[in-house]
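Here is a short report for a reader new to this structure. Look at the sequence and the model first, then read on.

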Amino acid sequence: MFRQRENEPSMLNMDDDYLRHVEKDVIIPKMVKEAAKMACADVVREFEDCARGRSLSVIFKCREQNQKLKDCFLAHSTQEHYEIQRQIFLEKRKQSRASAQ
């Protein structure tokens, strides 16, 4: 009745690189965003300094800093960065599964 499913992903297969929907579309993009935020920390700080104490005027006064922030995030959110974070995630998951046994 129950047969072994060798070609399907499993918690028992430590070398499995299959990603579930939530891992592929939520967790890894979140990791990419966090890595970009860390890489662009100085630009984020510059924007924060400009925006501090302002309300609507931040739109006009901090355009240059906002553009730098967008450019930095875009530069650190490429497909290459996604693949790097994907490999990091798979390695962490592999270690987690190995320690669970």
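Leaving aside its neighbours within four places in sequence, which residues is methionine 31 in contact with? They are Gln85, Ile88 and Phe89. Contact here means heavy atoms within 4.5 Å.

## About the model

This is a predicted model, in which local features need pLDDT of at least 70, side-chain atom pairs count only at pLDDT 80 or more, and totals for chains, interfaces and linings use all residues. Residues are numbered from 1 along each chain as its sequence is written, and side-chain values use heavy atoms, with hydrogens and water left out.

## Overall make-up

The protein has five helices and zero strands. Along the sequence the pattern reads α-α-α-α-α. Helices (H or I, at least four residues) and strands (E, at least two) are DSSP runs, numbered from the N terminus.

Of the 101 residues in the protein, 24% are buried. Buried means under 20% relative accessible area, exposed means over 50%, and partly exposed lies in between (1.4 Å probe, protein chains only). The protein exposes about 8200 Å², and carbon and sulfur atoms supply 53% of it. These areas come from the Shrake-Rupley method with a 1.4 Å probe. Take the contacts between residues at least 6 apart in sequence: 71% of them join residues at least 24 apart.

## Where H1 meets H5

Helix H1 covers residues 21-39, and helix H5 covers residues 79-100. Their axes come within 9 Å and cross at roughly 110 degrees. That makes H1 roughly perpendicular to H5, a label for angles of 65 to 115 degrees. Axes are lines fitted to C-alpha atoms, for helices over the stretch in contact, and angles run from 0 to 180 degrees between N-to-C directions. The crossing is right-handed: the near helix is turned clockwise from the far one by less than a right angle.

On the H1 side, the contact includes Glu23, Lys24, Ile27 and Ile28. On the H5 side, it includes His81, Tyr82 and Gln85. The residues of this contact divide into nine nonpolar, two polar and four charged. Ala, Val, Leu, Ile, Met, Phe, Trp, Tyr, Cys and Pro count as nonpolar, Asp, Glu, Lys and Arg as charged, and the others, Gly among them, as polar.

## Two residues up close

Methionine 31 is found in helix H1. It counts as buried because its relative accessible area is 17%. Histidine 81 is 50 residues away along the chain from methionine 31, yet their C-alpha atoms are separated by 9.7 Å.

Arginine 86 lies in helix H5. Arginine 86 also counts as buried, at 17% relative accessibility. Not counting residues up to four places away in sequence, arginine 86 touches Asp17, Leu19 and Ile28.

Definitions and conventions:
Angles under 35 degrees count as roughly parallel, over 145 as roughly antiparallel, 65 to 115 as roughly perpendicular and the rest as oblique.
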